[in-house]
Amino acid sequence: MAQEPSPDTSPSARATDLRPADAWLARHGLSGARPTPLLAGRLAVRGRARLATAMILALLIVASALAAVPVFDGREPHRPLPLPALIALVAGLLLAQSLLDWWVRRVDQRAGATLSRRAAHPIQPSWRAVLGLPYAVFAAATFAGAMALAGSALAVPDPAVRQPAVVLLIGLLGVAVITAVQLRHLLRRPVVAEDEESLTADVVMRVEDARDLTTPSVQWSLPMVLLFGTAPGWLGAAAVVNVILGLVAYVALRARTPSSATVARRVMSVR
């Protein structure tokens, strides 16, 4: 990552571009590394990708809520639930997420092509090194809890509860596929590094990206949006308990597991 700024770029512009990268390095205990335009560009792309992913998931929540509205709309009680439209939207969101991941991977590939030399011992960390077993278990438990809520709602004989449960299942399955696609692309991204420090920074970015995948915003919010207020009281209470327990587990997980920089250094020490 020792690429020098182009001579036609003003010093103030270069300082503005590199300042976020410098802060990122300091925040992860890599203050000895020098911020470069290459690192700044990779971080900027990841920031935009995270924002776009958040918009995709928010669109999924809104679309699921709109799909469930006709079910309990008293003015048109027999209006059919537009499940085909929701399924088509989920497929479109999956495609959008795949293109987004391809864009990030393409930026990394182009960045690697500009390096004058590559790290002497490049690594391709496994999912255990990047995500870690505790985060993987938490992600699986979060999905299981949300699916259990959807399954419980399907067992209720009231169509006004069962049909939103079908929408919930479709949304959760869409999120599961999106997460799997993101993790697959994350593990297959090329290593972009030319020295020890840039290699550590590359692993840190992978760990951060993987941990972002375990943030269960949709798994918590979608059951609340679709079931709370329309389902029986015990099911609404179960949805609230699911969020509270999940939040406690998430806070404990973030507090007790090593930081992404620590994990990266461990990966580097055993390569």
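## A network of charged side chains

Eight residues are linked in a network of salt bridges: Arg 42, Arg 46, Arg 50, Asp 108, Asp 202, Arg 206, Asp 209 and Asp 212. The model is predicted. Its salt bridges come to 7 in total.

## Arg 42 and its two partners

Start with Arg 42. Its side chain meets that of Asp 108 in a salt bridge, with N to O at 2.9 Å. Arg 42 sits in helix H2, which spans residues 37–68, while Asp 108 sits in helix H3, residues 83–113. The pair therefore ties together parts that are 66 residues apart in sequence. Are these two residues buried or exposed? Both Arg 42 and Asp 108 are buried.

Arg 42 also forms a salt bridge with Asp 202. Here the closest N and O atoms are again listed at 2.9 Å apart. Asp 202 belongs to helix H7, residues 196–213, and Arg 42 to H2, so this pair ties together parts 160 residues apart in sequence. Asp 202 is buried, and so is Arg 42.

## Arg 46 joins in

Asp 108 has another partner in Arg 46. The closest N and O atoms of this salt bridge are 2.7 Å apart. Arg 46 lies in H2 and Asp 108 in H3, so the bridge ties together parts that are 62 residues apart in sequence.

Why does Arg 46 count as buried? Its relative accessibility is 5%, and the cut-off for buried is under 20%. Asp 108 passes the test too, because its relative accessible area is 1%.

## The largest nonpolar core

Now turn to the nonpolar residues. The largest nonpolar core has 30 residues. Leu 86, Leu 168, Leu 227 and Leu 235 have the most contacts inside it. Which helices each supply at least two residues of this core? They are H2, H3, H5 (133–154), H6 (159–188), H8 (217–227) and H9 (233–256). H6 gives the largest share, 8 residues.

Take Leu 86 as a close-up. Setting aside neighbours within four places in sequence, Leu 86 is in contact with Ala 63, Ser 64, Ala 67, Val 167 and Ile 170.

## A second core

There is also a second, separate core.

Terms used. Residues numbered from 1 in each chain as written. Predicted model: local features only at pLDDT ≥ 70, side-chain atom pairs only at ≥ 80, totals over all residues. Heavy atoms only, no water. Salt bridge = Lys/Arg side-chain N within 4 Å of Asp/Glu carboxyl O. Helix = DSSP H or I, 4+ residues; strand = E, 2+ residues; numbered from the N terminus. Buried < 20%, exposed > 50% of the residue type's maximum accessible area, 1.4 Å probe, protein only. Core = buried A, V, L, I, M, F, W, Y, C linked by side-chain atoms within 4.5 Å. Contact = heavy atoms within 4.5 Å.
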